[in-house]
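This report examines how two protein chains meet in a structural model. Please consult the sequence and the structure while reading.

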Amino acid sequence: MAEASRSNAPWLLSGPGLVLFAALLGTPLILTVILSFYQFDYSIGGIKPAFSFENYRDVLTDPYFHKIFGRTFGVSLIVTVFCVLIGAPEAYILNRMRNPWKSLFLLVVIGPLLISVIVRTLGWALLFGGQGGISTVLQWLGIVDEPVSLMFTMTGMTIALVHVLVPFMVLAVWASLQRLDPQVEDAALSLGASQATVLRRIVLPQIMPGILSGSLIVFSLTASAFATPSIIGGRRMKVVSTTAYDEYLSTLNWPLGAAIAIVLLIATAIIIMSYNRLIERRYARVFE
Amino acid sequence: MRRNGLISLIFHTLFIIFIVAPLLAVVAVSFTGKGYLSLPTDGLSLRWFRTIWEYPGFIDAFWMSLYLGIAASTIAVAVAVPAAIAIGRYDFRGREGVMAVFLSPLMIPSVVLGVSFLRFFNQVGISGTFIGITLAHVIMVMPYAVRLVLASVTGMPRDAEQAAATLGASNWTVFRRITLPLILPGIAGGWLLAFITSFDEVTMSIFVASPETMTLPVRMYHHIAQTIDPLIAAISTLLMGATVLLLVLLDRLYGLDRVLVGKG
């Protein structure tokens, strides 16, 4: 790579982008932080530019918000665990397939990432309804006697979110599998290791960085997901994103909405950074 | 290479069913001839696909998303190319920081971006305009553009450039005749990924879209929040069809797994 350079060429080249980001990302974020310290005046229905910690006190002490933040990060954790449990084995199986099956199924598994979240969520809404596919199948199998609906339930929301996000996990593990030398596995097998031992001692340690970085992506995307929780969870299963949306567009209490968003940003950042440090400490050498 | 055992194949089959089932449900419902949600048990019908044309709101929103995606990804790539060259070619103080800035929209929850843009556009008086939502999308898709262009900049051999420069070509000529063609797959892949990301974006857009700048996913979201009917399934089926076409194009152009690694 790279000629060491004292010239200002790199700054001139990246300048337009940096200016754009300072103006269009830096400024809006600062304005939102300022807004989150303002007050909403219900008597005039407008924003009162008086500095106070009121909104943050509400968000951090009100049990209503505790429940919403708890649900959001709880769902994120569950979704991440399920994505690891089904995504990592699937990536491993895909990697052992031969072409053309390998390419075909890779396309089927990760292609949905490019299909709108709205469309994928709509699919689950169709399957989850009382007259939907899942209810029909369960009744046919005799598992339930009457129509069941997974709409507006935690289970439904979790299933749909796992579906939306598991391709990221498959991709991350897939990427780390590409660096794995299949001969090491063969060597272990020929030296008498069982298949289970090979998986645990050879494969798992090497794909761990992929699983960890995949978890990070899945967790943070679940924590900020909006469309899926909103459509499947509805008003009964509010999460942070949908709560901020309601404050902005229904209640019109922008300062409170801004405070909710900022708390989400900071909480997510803290989780990501501490997780990153954990990974770096344990996998300093394998992690690029 | 070892083969997958029976248990692996059963697991794989279940996994694929899980991935495909909701998408098939959408497609199946969209071909119903009935006036309500149902499977097309008595023959396929295009009734709901014809009905789409009676809803100009969706048609307008489609064009809106298309123009928006083209504008945002073109601006993003135009800014990303010099930035990627700076990051990929020069070893300068603050290089990591510059990269972190361009990737930062991936780290910030979309809902935070949405409320921030909404407040900003209100303050500067471009709330609800096409310019506003375009600028918001430029920021949103920039990480994808930078990543893919950067990958092709760092992967590109330098000898042709050096040869051209030795033979007296100007900097601009070297860039235009040598560098640009060599990084073109990255630029095209980055543009397409940026376009798709912009076209599908909901969470941030829902805050900044006005009735005049309503994008297709936002319009679909509002429709689904009210009612789920075969009409929305028909629109979704068309969208999926278009996505599959783009996917094949992207695969031919750049290799899908490489593009999607950029997305993660």
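**Confidence in the model**

The model is predicted. For the complex, the predictor reports an ipTM of 0.89 and a pTM of 0.90. Chain A has a mean pLDDT of 88, with 96% of its residues at 70 or more. The mean for chain B is also 88, and 95% of its residues reach 70 or more.

Where pLDDT is low, predicted coordinates should not be read in detail.

**The contact between the chains**

The contact involves 73 residues from chain A and 72 residues from chain B. On the side of chain B that touches chain A, helix α1 (residues 6-30) of chain B provides the largest share, 14 residues. By class, the residues on this side of chain B comprise 52 nonpolar, 12 polar and eight charged.

**A pair of helices across the contact**

Two packed helices are described by the distance between their axes and by the angle between those axes. Helix α4 (residues 101-110) of chain A and α1(B) have axes that come within 9 Å and cross at roughly 50 degrees. Angles under 35 degrees count as roughly parallel and those from 65 to 115 as roughly perpendicular; α4(A) and α1(B) are therefore oblique to each other. The crossing of α4(A) past α1(B) is left-handed.

Which residues make this contact? From α4(A) they are A:F105, A:V108 and A:V109, and from α1(B) they are B:I16, B:I19 and B:V20. Sorted by class, the contact of α4(A) with α1(B) has six nonpolar residues, no polar residues and no charged residues.

**The residue B:Y221**

B:Y221 lies in helix α10 (residues 216-226) of chain B. Is B:Y221 buried or exposed? A residue is buried if 20 or more other C-beta atoms lie within 10 Å of its own. B:Y221 has 24 C-beta neighbours inside 10 Å, so B:Y221 counts as buried.

Apart from neighbours within four places in sequence, B:Y221 is in contact with A:I118 and A:A227 of chain A, and with B:V202 and B:I206 of chain B. B:L103 stands 118 residues from B:Y221 along the chain, and the C-alpha atoms of B:L103 and B:Y221 are separated by 27 Å.

Terms used
Residues numbered from 1 in each chain as written. Chains lettered and ligands numbered in written order. Predicted model: local features only at pLDDT ≥ 70, side-chain atom pairs only at ≥ 80, totals over all residues. pLDDT = per-residue confidence, 0-100. Contact = placed C-beta atoms within 7 Å. Helix = DSSP H or I, 4+ residues; strand = E, 2+ residues; numbered from the N terminus. Nonpolar A, V, L, I, M, F, W, Y, C, P; charged D, E, K, R; others polar. Axes fitted to C-alpha atoms, helices over the stretch in contact; angles between N-to-C directions. Parallel < 35°, antiparallel > 145°, perpendicular 65-115°, else oblique. Left-handed = near helix turned anticlockwise from the far one by under 90°. Buried ≥ 20, exposed ≤ 12 C-beta atoms within 10 Å, placed from the backbone.
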